[in-house]
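Reader: I am new to this structure and would be grateful for a close look at a single part of it. Please begin with the part I name below and then connect it to its surroundings.

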Amino acid sequence: METKIVMSDPTALGVFGLATVTFVAASAKLGWTSGVTFLIPWALFLGSIAQIWASTIDFKKNNYFGAIVLGAYGLFWIAVAMHWAISLGWFGPLDPAKADPRQFAFACIAYFIFSIFIMVAAFEANKVFAAILVLINVLLPSLALSMLGVAPAFFSGAAAWSELAIALLGFYAAGSIFINSYFGRTLLPLGKPLGLIRKGPAK
């Protein structure tokens, strides 16, 4: 006799993790708080562990979109936390000749490239996810350009406000998924897919 393990949808937890870490990080970018030392726990536990755990469950549930997206951004926040920790000297003093923080900008560009593909898929998931991905594709190049010294005042502001908007939409998305799943019907809509690209083989 085979025992079947039924797992709940972890998406609400993963999206809540993303919303929380971007909310805390945006507070620093907007000048409401200062420093990155106390951002690191939120990046590790909410930004990374929550999303990666949700990603592993989505892989088991064959939820391709959730598995890849939550996993990719969960890994991003582990790298960000490590970047901050290294810059703070947690692993020993830095040699300026061997440490160029602008490399983080190129990581943001890499994630921006991949996030364009994710955005296309998000358009066919729901409107809230689509809006979050559009904002992520504002945040990532803005971070990169500001770190590379291109109009830093403008792009730092664009990064800060887009990150705050990601957080607020993320809170709504997480709450919507949780409430709708718990009550078994749509109480907080996420918006229908745009319907621009049909899934499946071309006709």
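What is the relative accessible area of K29?

Author: K29 has a relative accessible area of 33%, and is therefore partly exposed (buried means under 20%, exposed over 50%, partly exposed in between, with a 1.4 Å probe and protein chains only). The model is a predicted one, in which local features need pLDDT of at least 70 and side-chain atom pairs count only at pLDDT 80 or more, while totals for chains, interfaces and linings use all residues. Residues are numbered from 1 along each chain as its sequence is written, and side-chain values use heavy atoms, without hydrogens or water.

The side chain of K29 forms a salt bridge with that of E163, at 2.7 Å from N to O (a salt bridge being a side-chain nitrogen of Lys or Arg within 4 Å of a carboxyl oxygen of Asp or Glu). K29 belongs to helix α1 and E163 to helix α6, so the pair ties together parts that are 134 residues apart in sequence. Helices are DSSP runs of H or I with at least four residues, numbered from the N terminus. In general, side chains of opposite charge can pair when their charged atoms come close.

The structure holds two salt bridges. R102 pairs with D100 in a salt bridge, with 2.9 Å between the closest N and O atoms. R102 is partly exposed at 45% relative accessibility, and D100 is partly exposed at 30%.

Helix α6, which carries E163, has 32 residues and spans 46 Å from its first C-alpha to its last, close to the 46 Å expected (1.5 Å times one less than the number of residues). Just after α6, G184 adopts a positive phi of about 75 degrees.

Methods. Helix = DSSP H or I, 4+ residues; strand = E, 2+ residues; numbered from the N terminus.
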